[in-house]
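Dear colleague,

I am passing on the structure below, and my notes on what I found in it follow. Please read them beside the model.

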Amino acid sequence: MSPGNAASPAAVILLAAGAGTRMKSEKPKILHEIGGISMVGHALAAARGLEPKVLAAVVRHERDRVAAHISALDPQAVIVDQDEVPGTGRAVEVALEALDAAGERAGTGPVNGTVVVTYGDVPLLTTGLLHELVAEHDAAGNAVTVLTAVLDDAAGYGRIVRSDDGSVRGIVEHKDASEEQRAIREVNSGIYAFDAAVLRDALKQVTTDNAQGEKYLTDVLALANDGGGRVATVSTSDRWQVEGANDRVQLAALGAEHNRRVLEAAMRAGVTIVDPATTWVDSTVTFGTDVTILPGTQLHGATQVAAGAVVGPDTTLTSVVVGEGASVVRTHGSDAVIGPNASVGPFAYLRPGTVLGAKGKIGTFVETKNANIGNGSKVPHLSYVGDATIGEESNIGAASVFVNYDGVKKHHTTVGSHVRMGSDNMYVAPVTVGDGAYSGAGTVIRKDVPAGALAINVAPQRNIEGWVIQHRAGTAAAAAAQAAAGPAAEPAETSLPIPTTEESDHS
């Protein structure tokens with residue numbers, strides 16, 4: 001039977017009760033993320049892919065927080081509380097008891113068939129490997145089938161102990177193993193397929209008589225053997241699929257391997273990633289074909305990059321939609337939409353609610369927020385556009401600010417289509433600029449500008465001749481002015497005040 005044709009198991013029990021003290025975090029271990037998804041989120045997805053009749057998650061540490069997270073990811077998951085008895089064996093036992101009781105209430109009876117046990121901290125485990133485990137278990141009629149791996153360094157793992165004929169006799173935990181047993185390199189992943197009846201009966205016989213005083217799930221294997229059941233293994237050469245994260249060093253290693261796999265899959269699907277070593281992409285990101293990702297780029301959340309777009313270098317996008325053929329350079333953005341063939345950056349900051357139309361431009365040192373910028377419109381340089389709507393084919397001059405906050409409330413600015421606004425404009429919201437309007441440089445727009453009008457409020461310029469020679473005598477500026485004016489130049493007589501240093505710095 002091929003893995004793809006494996007029958008759905010009767011149940012999956014996912015163990016998520018551990019404290020994870022070595023993570024040294026206020027956050028429960030299994031809620032730490034790699035690739036934009038919590039470890040338990042990855043584990044749930046792999047388990048749910050088996051399409052089990054029922055999926056149970058056993059919780060204890062930070063019970064409410066963990067249970068809420070699991071329920072949010074998988075509302076159909078049955079939450080089961082582990083009691084005071086420690087150990088994986090007891091965790092599986094309480095889950096099986098809860099599922100049996102639910103079956104009795106529903107009139108379907110206790111769980112019957114294959115039960116898969118997996119963990120909340122094995123984020124790289126795939127549904128495919130679980131299918132392989134279930135397929136072998138069902139085809140061979142095993143009592144227990146254990147997923148194993150052969151490691152160069154097996155320290156900390158339970159060892160697979162075999163009989164002389166190669167059959168599995170049992171599993172011994174590292175801390176309980178002899179020196180001879182610790183030399184064994186085939187290790188227990190902790191992931192199993194059990195016959196439900198064998199599991200139920202064996203768990204009743206498991207004790208806490210061991211170095212840790214715990215009820216070990218691994219003891220079920222020896223009991224199954226003693227009862228005449230067949231215990232077999234499915235071994236994987238991909239050790240990463242059975243690796244857990246007990247501390248942040250292991251978490252980082254798993255994160256790096258997950259990222260490598262995501263990038264490899266993207267490249268094989270037609271994405272050019274110039275430097276995988278400096279590119280990080282969440283598993284939730286999607287790409288079109290012929291996308292180019294330049295070095296130093298991080299793509300997170302629900303980011304979508306359409307065909308032919310170029311992102312980077314040095315760009316971080318979180319849940320940003322990038323249209324076909326768009327260019328995004330040295331930009332930080334979140335919850336924004338960039339239209340087809342639009343350009344953003346360098347050094348742009350797209351805050352939530354930004355929508356840039358097709359062939360639009362958000363340029364150098366521009367910040368946007370709740371801004372809808374129409375097709376072909378441009379905000380090229382050194383500007384802030386917040387709480388604004390800009391029509392099509394308009395141009396916002398350099399160093400412009402949409403003054404959206406009056407100290408109490410945010411207000412909206414509307415700029416029409418085919419508008420040409422001067423540099424250093426202030427738009428004091430709420431205000432509307434009509435279609436086809438213009439404005440002069442330095443204009444403060446405090447009232448609506450009609451369509452086709454020119455808005456200006458520039459005071460006449462006044463030049464005070466000789467002011468520098470009179471008031472800045474002895475400076476390089478005064479010497480230059482004197483040389484330009486000639487030796488006959490007289491200092492101007494003026495009663496204008498001399499600017500303070502602070503005023504000069506802000507002139």
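Apart from the core to which Tyr 192 belongs lies another core, of 45 residues, among them Val 271, Val 322, Ile 362 and Tyr 427. A nonpolar core is a set of buried Ala, Val, Leu, Ile, Met, Phe, Trp, Tyr and Cys residues joined through side-chain atoms within 4.5 Å, where buried stands for under 20% relative accessible area, exposed for over 50% and partly exposed for what lies in between (1.4 Å probe, protein chains only). In the largest nonpolar core, which has 68 residues, Ile 13, Ile 70, Tyr 192, Leu 199 and Leu 217 touch the most other members.

Before going further, a word on the source: this is a predicted model, in which local features need pLDDT of at least 70 and side-chain atom pairs count only at pLDDT 80 or more, while totals for chains, interfaces and linings use all residues. Residues are numbered from 1 along each chain as its sequence is written, and side-chain values use heavy atoms, with hydrogens and water left out.

Val 144 is buried, with a relative accessible area of 0%, and, leaving aside neighbours within four places in sequence, Val 144 is in contact with His 137, Tyr 192, Ala 193, Phe 194, Leu 221, Ala 224, Arg 230, Val 231 and Ala 232. Thr 118, in strand β6 (residues 114–119), is likewise buried, with a relative accessible area of 1%, and its contacts beyond four places in sequence include Val 12, Ile 13, Ala 47 and Ile 191.

Strand β9 (residues 168–172) is largely enclosed by the rest of the structure, because four of its five residues are buried. Strand β8 (residues 159–162) pairs with β9 in the antiparallel sense over four bridges, pairing being counted if DSSP finds at least two bridges between two strands. The bridge partner of Val 161 is Gly 170 in β9, and the hairpin formed by β8 and β9 has five residues between the strands, with Gly 166 in the turn showing a positive phi of about 90°.

Turning to the helices, α6 (residues 196–203) and α7 (residues 219–226) pack at an angle of about 105°, with their axes 9 Å apart; axes are lines fitted to C-alpha atoms, for helices over the stretch in contact, and angles run from 0 to 180 degrees between N-to-C directions. The two helices are therefore roughly perpendicular to each other, given that angles under 35 degrees count as roughly parallel, over 145 as roughly antiparallel, 65 to 115 as roughly perpendicular and the rest as oblique. Val 198, Leu 199, Ala 202 and Leu 203 in α6 meet Val 220, Leu 223 and Ala 224 in α7.

Finally, an open sheet of seven strands has the order β12-β15-β18-β21-β24-β27-β29, with parallel pairing. Its edge strands are β12 (272–273) and β29 (378–381), each of which pairs on one side only.

With best regards

Methods
Contact = heavy atoms within 4.5 Å.
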